[in-house]
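This report concerns aromatic ring pairs and a nonpolar surface patch. The sequence and the structure are shown below.

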Amino acid sequence: MPSVLVPGLLRGALILMMLAIIGLPFIWMLLSSFQPNAVLIRPGELFRLDALTLDNYARLPREANFLLVLRNSLIVALASTAISIPLALLAAYSVYRTKYRGRQTVYLLLLVVYVFPGILLLTPLFKLFALSGALNTWASLIIMNATFAAPFSVWLMRGFFTSIPDGIEEAAAIDGATDMQILRRIIVPLTLPGIVVTGTYTFVYSWTEFLFASVFIIDDSLQTLPVGLEGLVSSYSIDWGLLSAAAVMTALPVVILFAFAGRYFIAGVTAGSSK
């Protein structure tokens with residue numbers, strides 16, 4: 001075998017191994033969602049073709065208010081995304097396209113935010129929302145999701161903003177365009193893939209957020225999907241088939257979103273790397 005083929009084969013084998021490690025849990029979850037719980041809990045049996053069933057998906061709307069918490073999560077995630085996108089866009093424009101004293105400090109502070117885990121802020125934020133009357137409302141979750149997603153969203157947009165030639169803005173300014181006109185008519189169209197990236201990230205973050213949702217929301221009718229899925233786990237038994245079906249339905253919107261926006265997300269991570 002030519003020696004030049006060895007690195008390629010090793011690289012291919014490594015990629016296949018990584019795909020197997022990453023994909024196996026999802027495949028197992030998908031297959032389990034079509035199996036009755038009696039098969040899944042039986043020792044020595046993982047999957048039976050003669051036991052395929054759609055009963056888990058049929059029962060799901062009736063269990064743990066699944067449709068209600070699904071709707072709640074959709075509202076919270078879309079609202080958080082709608083707020084986070086303009087915040088991240090304006091902040092990224094300020095940090096990466098304008099010049100003022102302390103700009104580098106602002107950029108560093110945005111990164112320092114991720115040094116502190118969210119659980120450290122849980123108690124003071126709980127007290128703050130309780131005093132303001134926002135506790136047990138979607139507003140508390142929307143504010144938290146947009147706030148925590150914004151710094152990383154700004155960093156994601158860095159590559160798009162730094163890849164725009166300065167001459168474009170200078171030419172627009174010479175023609176009499178204001179800063180807001182430059183932002184709206186030039187920056188936004190050129191950074192549209194970055195906007196899609198930040199929107200995707202914020203939506204996924206809000207869709208999967210559990211910590212604050214489990215503490216700030218008390219009313220069952222306002223719970224989001226990650227907290228609602230906890231209701232499928234009882235103290236004495238677990239219906240693995242039903243739980244797998246719920247997990248598949250929870251992951252489906254994210255999979256669909258990445259199917260359309262995945263290439264923009266990859267571009268957002270690598271944009272500006274060759275500059």
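**Aromatic pairs**

In this predicted model, the count comes to 10 aromatic pairs. One of them joins Phe34 and Tyr57: the ring centres are 5.3 Å apart and the planes stand at 40°, so the pair is tilted. This pair links distant parts of the chain, 23 residues apart. Phe34 belongs to the loop between helix 1 (5-32) and helix 2 (37-40), whereas Tyr57 belongs to helix 3 (residues 55-59). With a relative accessibility of 26%, Phe34 counts as partly exposed.

**Phe126 and Phe216**

A further tilted pair is made by Phe126 and Phe216, since their ring centres lie 6.5 Å apart and their planes are at 35°. Phe126 is located in helix 6 (residues 122-132) and Phe216 in helix 12 (residues 211-216), so the pair ties together parts that are 90 residues apart in sequence.

**Nonpolar surface patch**

On the surface, a nonpolar patch is formed by Leu14, Met17, Met18, Ile21, Ile22 and Phe26. Together these residues have about 640 Å² of accessible area. Among them, Ile22 lies in helix 1. The relative accessible area of Ile22 is 53%, so Ile22 is exposed, the class for values over 50%.

Definitions and conventions. Residues numbered from 1 in each chain as written. Predicted model: local features only at pLDDT ≥ 70, side-chain atom pairs only at ≥ 80, totals over all residues. Heavy atoms only, no water. Phe/Tyr/Trp six-rings, centres within 6.5 Å; stacked < 30°, edge-to-face > 60°. Helix = DSSP H or I, 4+ residues; strand = E, 2+ residues; numbered from the N terminus. Buried < 20%, exposed > 50% of the residue type's maximum accessible area, 1.4 Å probe, protein only. Patch = residues over 30% accessible without salt bridge, like charges linked within 9 Å, V, L, I, M, F, W, Y side chains within 5 Å. Areas by Shrake-Rupley, 256 points an atom, 1.4 Å probe, with all protein chains shown as cover. Salt bridge = Lys/Arg side-chain N within 4 Å of Asp/Glu carboxyl O.
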